[in-house]
Amino acid sequence: MHALDWNDLRYLLAAEQTGSFAAAARRLRVDPATVGRRMRSLEDAVGTPLLERTPGSLTLTASGGRALHAAEIMYEAALTFERTVDAGRPEISGVLRITATDALASRILAPRIPELAVRHPGLAVELHVGNERLSLSRREADVAVRLSRPVEPAVAARRAGTIGFALYASREYLRARGAFTEATLRDHALLGYDRPLAAASTPLGWIDELRGGRVVLRSNGAFSLLAATAAGLGVAALPCFLGDAEPGLVRALPELREREIWLAVHGDLRRSARARVGLEFLAAVLSSEAARLGGRRDPAALPRAPRRGRGR
């Protein structure tokens, strides 16, 4: 046995919550071997197994269950301490962790980060992208751009705009298949989001509401659907700031659907100079990009779908 390293409790919590060393490693941004090593160190320090390892899963032992409860209390206390200290720092420096979807981060936020770097050279920005929501309570991110109103306890949020979605197809696809209407759905191939995402919002589930068309592709990423649509595979619901900018794509229908954009921060960090600067930066960028994000441009300036097909 050796002295207990309290930091190892993070690994126990992550392993129990995610169910595997691999998933825990992704959450903690380390490799799975590190999770396994830190868990062995923790078990050696307390002198008893805390997890039972079975193929594909982890289960708490009786000792692990008792340790987990204590670890949760201690870890939350440590996070509260960190947030309280951070909120009192007047300097705008250190790491600013921002989380957003891949499309928003790549096309809207990342090109504007140089402006933030010039104004605040003491900041180092970490931009974490993806559909998986990083926890503000666990300090996985400092500020977040979310596409639905946050419901995490103790998280403060404000609405920052909307993202417009439309149904897109390539010109070549519509020339070959004909007009996209309710009456011609059976003639068209549809590209949709995977089912958990589709169920999460009306725009992402748009394709699944269309009865008669055949879904030929599902993906959990807007960029994958964008590429497949541009290649002529079918019709997809895409954010307008992606679809309108893609050469060769047109809106298959004039209808728009919207998702709200929310900015979020843990309540303890609202007074943090670093977090406040991050929120102000995000709000300014989203405000300046409101027209592009909303997709409500002059219809005459948008590419038009072909009116007639040339056969199939």
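Colleague: Which residues of α1 meet which residues of α2?

Modeller: In this predicted model, the α1 side of the contact consists of Arg10, Tyr11, Ala14, Ala15, Gln17 and Thr18. By class, the contact of α1 with α2 has seven nonpolar, two polar and two charged residues. The residues that α1 meets in α2 are Phe21, Ala23, Ala24, Arg27 and Leu28.

Colleague: How is α1 oriented to α2, and what is the hand of their crossing?

Modeller: Helix α1, residues 9-18, packs with helix α2, residues 21-28, at an angle of about 120°, and their axes are 8 Å apart. Because angles of 65 to 115 degrees count as roughly perpendicular and those over 145 as roughly antiparallel, α1 is oblique to α2. The hand of the crossing of α1 and α2 is right-handed.

Colleague: Is threonine 61 buried or exposed, and which backbone oxygen does its side chain reach?

Modeller: Threonine 61 lies in the loop between β2 (57-60) and α4 (62-87), and since its relative accessibility is 15%, where under 20% is the cut-off, threonine 61 counts as buried. Not counting residues up to four places away in sequence, threonine 61 touches Pro49, Leu50, Leu51 and Glu52. At 2.8 Å, its side chain reaches the backbone oxygen of proline 49.

Colleague: With which side chain does the side chain of arginine 251 make a polar contact?

Modeller: Arginine 251 is found in strand β10, residues 249-251, and with a relative accessible area of 12% arginine 251 is buried. At 3.3 Å, the side chain of arginine 251 makes a polar contact with the side chain of tyrosine 168.

Terms used:
Residues are numbered from 1 along each chain as its sequence is written. This is a predicted model: local features need pLDDT of at least 70, side-chain atom pairs count only at pLDDT 80 or more; totals for chains, interfaces and linings use all residues. Side-chain values use heavy atoms; hydrogens and water are left out. Helices (H or I, at least four residues) and strands (E, at least two) are DSSP runs, numbered from the N terminus. Buried means under 20% relative accessible area, exposed over 50%, partly exposed in between (1.4 Å probe, protein chains only). A polar contact is a pair of N or O atoms within 3.5 Å; within protein, one must be able to donate a hydrogen and the other to accept it, and residues adjacent in sequence count only if both atoms are side-chain atoms. Contact means heavy atoms within 4.5 Å. Axes are lines fitted to C-alpha atoms, for helices over the stretch in contact, and angles run from 0 to 180 degrees between N-to-C directions. Angles under 35 degrees count as roughly parallel, over 145 as roughly antiparallel, 65 to 115 as roughly perpendicular and the rest as oblique. A crossing is left-handed if the near helix is turned anticlockwise from the far one by less than a right angle, and right-handed if clockwise. Ala, Val, Leu, Ile, Met, Phe, Trp, Tyr, Cys and Pro count as nonpolar, Asp, Glu, Lys and Arg as charged, and the others, Gly among them, as polar.
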